[in-house]
Amino acid sequence: MRVDIRLAATDGWVDTPDGRSHYIFGFVNITGVPENEIFNYRGKAELMAPPLVLQVGDEVYLTLTNVGTPTRPDLDDPHTIHYHGFPNQMAIYDGVPEASVAVPVGRDFVFHYKPLDPGTYMYHCHHEPVEHIQMGMVGPLVVRPRDYDPADPDYKTAYGYGTGTEYDREYFIFLHELDCTIHNLVATVQEPDWTNYKPTYWFINGRSYPDTIASTSACRLRQQPWPALIKAHAGEKVLLRFVNLGFQQHAIELLGAVMKVVGLDAMRPAGLYGEDLFYNKNIIYIAPGQSTDAIFTAPEAEDTYPLTLPLYNRNLIKNTLAGMGPGGMITEVQIFEPGTLPPQTEPNQS
């Protein structure tokens with residue numbers, strides 16, 4: 001199936017719960033937006049970048065439009081789309097400036113790809129990647145298996161029929177951190193000193209706790225529209241798609257449930273003859289540039305619903321807002337009595 005996507009590269013501002021605002025670069029989805037309205041999206045970058053959900057065999061045409069940075073009109077940075085971890089990539093579409101095309105301000109370029117393997121990936125800008133990744137040009141990418149049927153709400157699988165990766169609900173756990181000194185230097189036209197890199201804020205899906213459990217994206221969360229609150233019925237299988245596209249390793253723990261790892265860097269752990277090599281974990285260790293797929297079964301409540309389980313970073317400094325807590329990489333798993341929640345039609349839908 002042909003899939004047409006259009007993203008705008010621009011800048012913007014995001015908030016943290018301590019009342020501070022932070023300058024970012026990023027992407028915003030402008031698929032279907034009339035040509036004469038595209039520049040209305042200048043300054044409206046989102047953190048995290050819009051999730052891309054594809055399927056094996058799709059003919060994907062992603063148009064990147066560079067609409068500029070109104071906070072820094074002096075900047076003429078070009079941008080690219082790099083599909084991190086995709087195999088069999090044609091060099092011209094890989095997003096690496098040395099071999100691909102970087103899109104200057106006011107121009108477009110179409111990145112074509114045909115996904116061959118299911119799994120959880122990520123994408124980012126690969127022009128000046130250290131700065132542009134830190135500034136927020138990062139997002140998750142999912143490739144569904146060829147036999148995934150979007151018309152059948154009861155058939156959901158991460159790696160294909162019969163692979164043991166069936167699930168009822170799915171959620172992104174997209175991890176990223178922010179050094180407010182670097183972001184402030186970029187906003188005020190100064191050169192960052194990367195030898196002093198020291199993150200001050202930590203995000204799940206572009207938000208810090210307690211914004212992670214807010215179901216709304218109104219008001220100050222307009223540019224951070226992706227909630228990290230996880231909801232499920234007791235007994236349901238929940239797929240967590242962990243992605244780390246920051247510069248630090250993280251250890252994410254879910255209290256009260258065991259996570260079965262069914263995918264590592266978009267590959268199902270399998271033996272020589274295809275047998276699964278899944279394993280159980282209470283803590284997911286995930287390095288920069290890695291993805292992990294894990295499924296847990298939502299436990300039943302002993303007393304009343306909803307049952308709330310914490311999901312958080314084991315490094316307590318990453319559960320703060322610039323050293324003051326609580327904040328950072330904390331969210332909740334809320335488990336409800338069966339029949340309470342509507343079915344999911346897309347990831348992270350509560």
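Predicted model: local features only at pLDDT ≥ 70, side-chain atom pairs only at ≥ 80, totals over all residues.
Buried here means under 20% relative accessible area.

**Helix α2**
- The buried residues of α2 are Cys-180, Ile-182, His-183, Leu-185, Val-186 and Ala-187.
- Among the elements that cover these buried residues are the strands β1, β2, β9 (169-178) and β10 (201-204), along with the helix α1 (129-135).
- After α2 comes Val-189, which has a positive phi, near 60 degrees.

**The largest nonpolar core**
- The largest nonpolar core is made of 33 residues, and those with the most contacts inside it are Phe-27, Leu-64, Ile-81, Tyr-83, Tyr-123 and Leu-141.
- Two or more residues of this core come from each of β1 (2-15), β2 (21-29), β3 (52-55), β4 (59-68), β6 (108-113), β7 (119-124), β8 (138-144) and α2 (180-187).
- β1 provides the largest share of this core, with four residues.
- Domain 1 (2-157) and domain 2 (172-336) each give this core at least three residues.

**A separate core**
- Another core, of 27 residues, lies apart from the largest one, and its members include Phe-242, Ile-252, Ala-298 and Met-329.

**A general note**
- Nonpolar side chains tend to be buried together in soluble globular proteins.

Note on methods:
Residues numbered from 1 in each chain as written. Heavy atoms only, no water. Core = buried A, V, L, I, M, F, W, Y, C linked by side-chain atoms within 4.5 Å. Buried < 20%, exposed > 50% of the residue type's maximum accessible area, 1.4 Å probe, protein only. Domains from an automatic or database assignment. Contact = heavy atoms within 4.5 Å.
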